[in-house]
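Subject: Structure handover

Hello,

Here is the structure we talked about. Please open it alongside this message; my notes follow below.

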Amino acid sequence: MSAQNGRRTRRVHTRKFKADTVALVRKGGRSVPQVADELGLANSLVYDWCRQTEVDEGKGAPGVLTTAEKEELSHLRREVKVLRMEREILKQAATFFAKESA
């Protein structure tokens, strides 16, 4: 836990780490709880990574987004946010200059 705010700091795991963890479950002959415990991870996190790997391999439920689709969606949402802010700034500038010229 973080001493400043009393909350846990979020750990970021690389794609390779996630893939290696899933491989341990699939090829290592160990269960998700065993692998999670060995690596100090929550079971749910490892289950999620295994499930997402299935989706990425085309074996997931219909309509579930692949990792690439999730990344694209996140990128597009950030881009829309920036474009909306820029549009708002332009509106305010147009209003300002309209008042100046009146």
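A helix here is a DSSP run of H or I, at least four residues long, and helices are numbered from the N terminus. By that count, L24 sits in helix α1. One caution before the rest: this is a predicted model.

**The core**

The largest nonpolar core is built from nine residues. They are V22, V25, V32, V35, A36, L41, V46, W49 and C50. I took the helix pairs in turn.

**α1 and α2**

The axes of α1 and α2 are 9 Å apart, and the packing angle is about 135°. Angles over 145 degrees would count as roughly antiparallel. At about 135°, α1 is therefore oblique to α2. The crossing of α1 and α2 is right-handed. From α1, the contact uses F17, T21, L24 and V25. From α2, it uses V32, V35 and L39. By type, the residues of this contact of α1 with α2 are six nonpolar, one polar and no charged.

**α2 and α3**

α2 and α3 cross at roughly 120°, and their axes come within 8 Å. That makes α2 oblique to α3. This crossing of α2 and α3 is also right-handed. On the α2 side, the contact has V32, P33 and A36. On the α3 side, N43, V46, Y47 and C50 meet them. The contact of α2 with α3 divides into six nonpolar residues, one polar and no charged.

**α1 and α3**

Here the axes come within 9 Å and cross at roughly 90°. So α1 is roughly perpendicular to α3. α1 brings F17, K18, T21, V22, V25 and R26 to the contact. α3 brings V46, W49, C50, T53 and E54.

**Residues to look at**

Start with T21, in helix α1. Is T21 buried or exposed? T21 has a relative accessible area of 1%, and buried means under 20%, so T21 is buried. Setting aside residues up to four places away in sequence, T21 touches V35, L39, L41, V46 and W49.

Next is L24. Its relative accessible area is 29%, so L24 is partly exposed. Beyond its neighbours within four places in sequence, L24 is in contact with G29, R30, V35 and L39. L24 and V35 are 11 residues apart in sequence. Their C-alpha atoms are 7.0 Å apart in space.

V35 links these two. Not counting residues up to four places away, V35 touches T21, L24, V25 and R30. V35 is also one of the nine residues of the largest nonpolar core.

Last, go to helix α4 (residues 67-101), where I89 lies. The relative accessible area of I89 is 55%, so I89 is exposed. I89 and K59 are 30 residues apart along the chain. The separation between their C-alpha atoms is 45 Å.

That is the handover. Send back any questions.

Best wishes

How values were computed
Residues are numbered from 1 along each chain as its sequence is written. This is a predicted model: local features need pLDDT of at least 70, side-chain atom pairs count only at pLDDT 80 or more; totals for chains, interfaces and linings use all residues. Side-chain values use heavy atoms; hydrogens and water are left out. A nonpolar core is a set of buried Ala, Val, Leu, Ile, Met, Phe, Trp, Tyr and Cys residues joined through side-chain atoms within 4.5 Å. Buried means under 20% relative accessible area, exposed over 50%, partly exposed in between (1.4 Å probe, protein chains only). Contact means heavy atoms within 4.5 Å. Axes are lines fitted to C-alpha atoms, for helices over the stretch in contact, and angles run from 0 to 180 degrees between N-to-C directions. Helices (H or I, at least four residues) and strands (E, at least two) are DSSP runs, numbered from the N terminus. Angles under 35 degrees count as roughly parallel, over 145 as roughly antiparallel, 65 to 115 as roughly perpendicular and the rest as oblique. A crossing is left-handed if the near helix is turned anticlockwise from the far one by less than a right angle, and right-handed if clockwise. Ala, Val, Leu, Ile, Met, Phe, Trp, Tyr, Cys and Pro count as nonpolar, Asp, Glu, Lys and Arg as charged, and the others, Gly among them, as polar.
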